[in-house]
Amino acid sequence: MSDTLVTIILCLVALTVSFLVYPWVLRFAVRHNIVDNPDARKLQRHPVPVMGGVVVFVGIVLSVAVGLFALDVHEAVFTLVAMTVMLLVGTFDDIFGLGVGLRFSVEVAVVAAMIWFTGFSIDDFHGFLGIGRVSPYLWWPLSIVAGVGIINATNLIDGVDGYSSGYGIMSCSLFAVFFFVTGQIHMAMFALIITAALIPFFMHNVFGKTSKMFIGDGGTLMLGTALATFLFCLLGSHGVGDCGNRCVNPVAFSLAVLAVPVFDTLRVMGNRLRRGRSPFHPDKTHLHHLFIDIGFSHVGTAVTILILNFAVVAACWLAWRLGASATWQVFIAIVLGILITFVFYKVARSEESKDSRFYRFLCRLARISHVERKGLWFTLMLLMDGKWREGNIISEVKQQVRQYDVAALKAELEKSFDPQERDRRLIQTYLEGKTNVLLDDIILYSGAEKLRVYPLVYQMVIDGSVTVLKENELGQINRVKMK
C-alpha cells in the first residue's frame, strides 16, 4: 500500500472518529458542568463547554492505533504519551485550576522526557550564522526553553473562535508538507492525522451555536506539545538532516510557522514583566484582543491573523526561491514576526486614540469581517448543531432563517410595538453578541429609523443596557457594546 493511500486512510479515520465522538464529549461536559464561564477578561457572554481537546485527542489516538503498521512506533508512542500528560494537566486546570508553578514544572519535565526518549532536540542550526551541530551543553537548555515556550505560546492564542484550532490546522499542514519534502514520511503522516482530527472541532467551534465547545487548556497544551515535537524533528540532527537546496532553511521555516504565537507571547510577557507583573498574569493585550477591539468578528480575527502568519511563511519561501542564504531567511522570519506582533500592535493602539485614516481603514476591514449568519453559514450551523430532520435541511433553513433576517424581524415587531420600542428592539438585536460596534454601523445595518438611533442608544446608555466604548472629540458616542 502506498504512503499516500495510507495517509488518506488514517486522516479519514481521525476525522470520522472526532466527528462521531464530539456530541458524546459535549453532552458529558454539559452534564458535569465542565464549562468556561465568562468574566471581564474573556470574550464570550455565556458558559461554554471546554473539552474540545478530548475530542481531538481521541481522533488522533484511534487513527495512530490503526496506522501503527505504517508509523514509526517509537516516535508515535512517546509523542502520544507526552501529549496525553499535557492533555490531562490542561483538563485538570480547566476543571479545578492548577497553580502556575505546578503546570510549568510538568511542562519542563514532559519536554525533557520527550527529548530523552525520542532523541529529537534542537542540536543543529542548519547553516544559520554559519552554525551546524551544537554542543549538548547548549542544545539541552535551548530545547527545553523552546519546547516549553511553544507549548505556552500555543496555549495563549486560545482567545477567539477558530483561532487555536485554525492555527493548529495551518501549522500541522505546513509541517507535514516540509516533512514530505525532506523524506520524513512518518512525521508527515502524524502531522496530517492531527490536522484531520482538528477539523470537526474547528467546524463546531466556528459554526456551531448550541454545539459550540472550546478546545480548553487541555487541547492547546496537547497541540503545543505536538508542535514542539515537530520543531525538534526539524532542527535535530536525527530529524530532517541536511536539506541542502531542496527547501526553505528549517530554522527559518520553523520560526515562520510559529511567528505570531511566539512573538506575540514574547511581547505580552515582556510587557507584563516591565509593569512588575507575573508573565503568566492574564490580561487582554494579545494580538487577537486588538482585532476584537477594532471591531473584527471572531472569525474575521482568526482568519486575519492566520493570513498574516501564513504571509511570513510565504515570504521565507520566496526568499529561498530567490537564493537567499539560511541566515537571511531566518532574519526575514524574525523581522516579519516582530513587525506583525510588536510594531503593528503598537501602531494600531496609538492610532486608535487619534481615530486616524489608518485606524478607520482597519475599522472598514472589521465591518467586512462580520458575515451575516444566513445562507451557507446558517446551513453549516444547523449541520453542526444537528438540527436536520429527515435529511431535509433546506426546509429547516427556511423555517429558522427568519430570526437572522432584519426585514423579517422588523415586520414582526411592527405588529406588536410602537415605532420607538420597535427600533429599540432592532438595535438590541443588532448589538447582541458584538463586543465593539460603531454607531454608524447601527444606523446603517440595524434596520432602525436612522433619526431615532442616537437618542435611543443614548437612552440605553443611561438605563445601563449599553456601554460606551469610545467618544469623539465633541463627546458624542462613537462605539458601544451591550452589557
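# A guided tour of a predicted model

Tutor: Welcome! A search of the whole structure finds two cavities of 30 Å³ or more. Please keep in mind that this is a predicted model.

Student: What lines the second largest cavity?

Tutor: Its lining consists of Val56, Ile60, Met83, Ile194, Leu198, Ile215, Gly219, Met222, Leu223 and Ala226. The second largest cavity holds about 40 Å³ of space. At least two lining residues come from each of α2 (52–66), α7 (185–207) and α8. Helix α8 gives the most, with four residues. By class, the lining has nine nonpolar residues, one polar and no charged.

Student: Which helix gives the most to the lining of the second largest pocket, and how do the classes divide?

Tutor: That helix is α5, with nine residues. The lining of the second largest pocket has 24 nonpolar residues and four polar ones, with no charged residues.

Student: How should I read a pair of aromatic rings?

Tutor: Use the distance of the centres and the angle of the planes. In this structure the count comes to 14 aromatic pairs. Take phenylalanine 175 and phenylalanine 179: their ring centres are 6.3 Å apart and their planes stand at 25°, so the pair is stacked. Planes count as stacked when they are under 30 degrees apart.

Student: Where do phenylalanine 175 and phenylalanine 179 sit in helix α6?

Tutor: They are four residues apart in α6 (residues 163–181), which means about one helical turn separates them. Phenylalanine 175 and phenylalanine 179 are both buried.

Student: And what is the geometry of the aromatic pair of phenylalanine 175 and phenylalanine 253?

Tutor: That pair is edge-to-face, with 5.8 Å centre to centre and 80° between the planes. Phenylalanine 175 belongs to helix α6 and phenylalanine 253 to helix α9, so the pair ties together parts that are 78 residues apart in sequence. Phenylalanine 253 is buried, as is phenylalanine 175. One aromatic cluster is formed by Phe175, Phe178, Phe179, Phe190, Phe230 and Phe253.

Student: Which ring has the charged end of arginine 267 over it?

Tutor: The ring of tyrosine 345, with the charged end 3.8 Å from the ring centre. Elsewhere, arginine 27 lies over the face of tryptophan 24, at 5.0 Å from the ring centre.

Student: How do I read a sheet?

Tutor: Look at how its strands pair: this happens through backbone hydrogen bonds, either parallel or antiparallel. Here, three strands form an open sheet in the order β3-β5-β4, with antiparallel pairing. The edges are β3 (437–438) and β4 (466–471); each has a single partner strand, so one side of each is left without a neighbour in the sheet.

Student: How many bridges join β3 and β5?

Tutor: Two bridges join β3 to strand β5 (residues 477–482), in the antiparallel sense. Valine 437 has valine 480 of β5 as its bridge partner, while leucine 438 is partnered by arginine 479. Lysine 470 stands opposite arginine 479 in β5.

Student: Is β5 largely enclosed or largely open, and why?

Tutor: Five of the six residues of β5 are buried, so this strand is largely enclosed by the rest of the structure. Helix α11 (residues 287–294) is also largely enclosed, because seven of its eight residues are buried. Those buried residues of α11 are Leu287, His288, His289, Leu290, Phe291, Ile292 and Ile294.

Note on methods
Residues numbered from 1 in each chain as written. Predicted model: local features only at pLDDT ≥ 70, side-chain atom pairs only at ≥ 80, totals over all residues. Heavy atoms only, no water. Buried < 20%, exposed > 50% of the residue type's maximum accessible area, 1.4 Å probe, protein only. Nonpolar A, V, L, I, M, F, W, Y, C, P; charged D, E, K, R; others polar. Phe/Tyr/Trp six-rings, centres within 6.5 Å; stacked < 30°, edge-to-face > 60°. Lys NZ or Arg CZ within 6 Å of the ring centre and 35° of its normal. Pairing = 2+ DSSP bridges. 1 Å grid on protein atoms, 1.4 Å probe; cavity = no way out; pocket = protein on both sides within 12 Å on 5 of 7 lines; lining within 4 Å. Points joined across faces, edges and corners; volume = space filled by probe spheres on them.
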